[in-house]
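User: Could you walk me through this structure, one topic at a time?

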Amino acid sequence: MKKLSKPERSWIMYDWANSVHSTIISTAIFPLWFGQVAKTGGLSDTQTSFWLGTANTIYAAFISAIAMVIGTLSDFKGYRKKLFVNFWLVGILSTGALILVGIDDWKSLLILYIFSFIGFGGANIFYDAFLTDITTPNRLDLISSLGYGYGYIGGSTIPFLISLAIIAVLANMDFSQGLPASGVKISFLITALWWFLFSLPFLNNVKQRHGIDPVRSPNIESFKRLVKTFLEIKKYKKVFLFLIAYFFYIDGVNTIIKMATNFASSIGVGLMVLLGAIVGIQILAFPFTLLYGKLAQRFGSRPLLFVGIGVYALITALGTMMPLLPATKVMPVFVLVAFLVSTSQGGIQALSRSYYASILPDHNSSGEFFGFYNMMGRFAAILGPFLMGAFPRIAYLAEVVDERTAYSYGVGAVFILFVIGGSLLIVSSKTDNK
């Protein structure tokens, strides 16, 4: 990162810092641990999926409800960093507090999980908005991709491997009884400390350059500006249509990130294979994310977004088949799905962020517009996890299929989200901003 400015490097380092949360809490260890705790607490597999999906819905609904307001407030000079720190601390403290929860207290575990994601998601609203403050328009795709790329190889991989090593040693390499509680809790502590320490360069070196001058009553003024923009956003047709498309396709991406571990373990993928796949995804995602960024500089970010959506549509089509296959044939399909996820997970997220930043009509209002962006992203996270958790449960209770096959219904619903999102992105790409 020698050719990057100090603000650019520091902004990228926050992705390195908070990506540990995305892997250990969102994708890997927490979902497995929650399944174990929920089982000890008396829940079935479909009940576990339902409550995990419901928790994701609750936190996403909260962030969606406040995203536009706090994003607009952050456009006042001097406010963005303060708001970031408040949510950042909520996320770190609630993540660290997970170590205090008992081995059968699934309700407390979910409550802290929700607060952890409120802090994580809230801080990311301001982190995303800082993108236009720390670089130039022609470097948006590159810097955004570098953030996700280094996040995968750093925050997503290094602390995860350390956590896995600790868990393996404490389990004596025997996972027949599940994950050891002490190892899991150490991994949660590592997550909180890694997130805190590697955020310090961001706190010291990233400054708000764009914005509007403070006023006497910023909260009231924020609401006025928000209402005005909300009423006028249809004038910015490209922005408006992209946000709707983004709502659908990023819902599918987020759902796969949050629910895939629980889904795979529920249809018979072994723990060691599952953890190995997660490690492989993080390692491979690094070069593929950078590749997306390089290709976007040559061909533009929009064509690469279509590539990412197409890959994810294929992923969900294969995922829909998996519960219908005999157990002996699930593994090859699972490995293929994991590889496909690694090729596009970082790229589609990074280029969505940079493409959106590139079509904003006013960088002085980047916090407000990224409030809309994150509102759509978080609100989208309500629908997908709920569909993936509720559809199998409903199908099973209605005695349409057995509990294993029921998961096909949830993944099929996610496939539809990518079809809708891709179709709307085509419409938005043919539209001028005004």
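User: To start, how many salt bridges does a search of the whole structure find?

Analyst: The search finds 4 salt bridges, each being a side-chain nitrogen of Lys or Arg within 4 Å of a carboxyl oxygen of Asp or Glu. Please keep in mind that this is a predicted model, where local features need pLDDT of at least 70 and side-chain atom pairs count only at pLDDT 80 or more, while totals for chains, interfaces and linings use all residues. Residues are numbered from 1 along each chain as its sequence is written, and side-chain values use heavy atoms, with hydrogens and water left out.

User: Which residue forms a salt bridge with Asp15?

Analyst: That is Arg353, with the closest N and O atoms 3.6 Å apart. Arg353 belongs to helix α15 (residues 327–358) and Asp15 to helix α1, so the pair ties together parts that are 338 residues apart in sequence. Helices here are DSSP runs of H or I with at least four residues, numbered from the N terminus.

User: New topic: which residues form the nonpolar patch on the surface?

Analyst: Leu189, Leu193, Phe196, Leu197 and Leu200 form it, with about 420 Å² of accessible area together. Such patches take residues with over 30% relative accessible area and no salt bridge, and join nonpolar side chains (Val, Leu, Ile, Met, Phe, Trp, Tyr) within 5 Å and like charges within 9 Å; the areas come from the Shrake-Rupley method with a 1.4 Å probe, and for residues only the protein chains shown count as cover.

User: And where does the largest share of that patch come from?

Analyst: Helix α9 (residues 181–197) gives the largest share, 4 residues, and Leu189 has its place in that helix.

Notes: Helix = DSSP H or I, 4+ residues; strand = E, 2+ residues; numbered from the N terminus.
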